[in-house]
Amino acid sequence: MGNNALIHPYSVLSRDENTYVRIVSGNGVKLTDDAGNEYIDALASLWLCQIGHGNRTVIDAINAQLEQLQTYNTFEPFSNGPAVEVAEMVRARSQHPDGRVFLACSGSEAVDTALKFARRVQQRKGDTDRQIIVRRTAGYHGVNVGGTSVQGGAAYREGWGDLMPHVLEIPNDDIEPAAQLFATHGERIAAVITEPIQGAGGVIPPPTGYFEGLRRLCTDNGALLIFDEVICGFGRTGSWFGGQTFGVAPDIFTFAKGVTSGYIPLAGVVVSRDIADLLEADEAKFMHGYTYSGHPTACAAGVANLGVIESAGLVERATHIGGKLEEGLRALQADGMIESYRGLGGIWACDIGRDAAETRDAFLKRGVITRAIGNALAFCPPLIITDDEIGQIFDRLDDALRATAP
Ligand SMILES: Cc1ncc(COP(=O)(O)O)c(C=O)c1O
């Protein structure tokens, strides 16, 4: 055992700090470690850095905000300009331009907030028995207690004692079991939560017609549809939000990561106008909020980052990147190097037919950072990545796959 102070997320806690790759700087899609090794960040940190590292516009906006007002809360009666502005920018680009926006720091906070909102709405409608949240197999929704309870992977839920009650699960690849679940429990279902494309669960797009079916089931049965847009938001799927890409509008959606490209943590929840009306009709005080909800420096980073995404055309660029990534993956499959691939816009994964951890490590040694999820390697690069850099990823992947072939 070492004597590390720092506990790393999702890590083996006995691992020695000295064996970690210590990242010291970033520029564009490139990162450098303390030994001077350079890496292509093919996962945009953790599915989040849309504009790449070291963007001067966002850094300057953060610095300017720090000079003026670093921090202040937005609990009633206080507000600040960046919080108001980023909320307006997010909703204006969403399917709910007249909805309302709650701000938080992390995707996990956003998810727990969305679950509370869904339950609250049902209570406000007088449906006090509607408490069930339906999750999907392989869904990932963060690590707070609500999010942990609706994780689609058992490994995330086990070992913590009792989680949130009233949670049911539907398969992610077939709408029929969802219809059966609604037929049995429809009167007690508060909401269904799903990512537009399941990210951490393995980059899994929905089957054709799945979301339309889910939308219909929710509407017909008085349940709410929650999209967890924490990865899919802000251009990743070729639209501002995944709901737009799939042509299905949720009642509530979460966002995080790409809203600031991760420069400062920021997250939130958008609710539709109908839900806002219900919540606004409540005379009682809204008893939910985080110290850092509407943090001015985080929000200033968001305003600047959304401006960069727009002015650099990164939402449209995701589709171009998707074409290049698909091309590379198709070639690898044709060469028999991978078994299959899947994805959309700027988020893809390939199945290599064996546990991907060793290949991920070989890829890292060759200067590309990606993520192993079971047999899959995931790709989610900054949306500023060039065709040449995508080419370098595939050259090195080919090499890493050959070096680790069974
Ligand atoms: C879809 C989704 N929801 C929620 C979360 C949790 O976000 P955070 O790690 O910021 O708490 C993640 C994190 O990857 C995510 O992918």
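This is a predicted model: local features need pLDDT of at least 70, side-chain atom pairs count only at pLDDT 80 or more; totals for chains, interfaces and linings use all residues.
## Rings, a helix crossing and backbone exceptions

Arg15 lies over the face of Tyr20, at a distance of 4.7 Å from the ring centre.

The structure holds 16 aromatic pairs when ring centres are required to lie within 6.5 Å. Tyr72 and Phe78 make one of these pairs, with 5.2 Å from centre to centre and 80° between the planes. Planes over 60 degrees apart count as edge-to-face, so this pair falls in that class. As for accessibility, Tyr72 has a relative value of 43% and counts as partly exposed. Phe78 is likewise partly exposed, at 40%. Elsewhere, Phe102, Phe117, Phe286 and Tyr290 come together in one aromatic cluster.

The next feature is a pair of helices. Two packed helices are described by the angle between their axes and the distance between the axes. For helix α3 (residues 81-92) and helix α11 (residues 296-311), the axes come within 8 Å and cross at roughly 40°. On the α3 side, the residues in contact are Pro82, Ala83, Glu85, Val86, Met89 and Val90. They meet Pro296, Cys299, Ala300, Gly302, Val303, Leu306 and Gly307 of α11.

The backbone has some details to note as well. In the loop between α2 (56-68) and α3 lies Pro77. The peptide bond that joins Glu76 to Pro77 is cis, with omega about 10°.

Two further loops hold residues with positive phi. Ala138, in the loop between β5 (132-136) and α5 (145-149), has a phi of about 75° although it is not a glycine. With a relative accessibility of 17%, Ala138 counts as buried, because the limit for that class is under 20%. Val203 belongs to the loop between β7 (189-194) and α8 (210-221). Its phi is positive too, about 55°, and Val203 is not a glycine either.

How values were computed. Residues are numbered from 1 along each chain as its sequence is written. Side-chain values use heavy atoms; hydrogens and water are left out. Rings of Phe, Tyr and Trp (its six-membered ring) pair if their centres lie within 6.5 Å; planes under 30 degrees apart count as stacked, over 60 as edge-to-face and the rest as tilted. Buried means under 20% relative accessible area, exposed over 50%, partly exposed in between (1.4 Å probe, protein chains only). A charge sits over a ring if NZ of Lys or CZ of Arg is within 6 Å of the ring centre and within 35 degrees of the ring normal. Axes are lines fitted to C-alpha atoms, for helices over the stretch in contact, and angles run from 0 to 180 degrees between N-to-C directions. Helices (H or I, at least four residues) and strands (E, at least two) are DSSP runs, numbered from the N terminus. Contact means heavy atoms within 4.5 Å.
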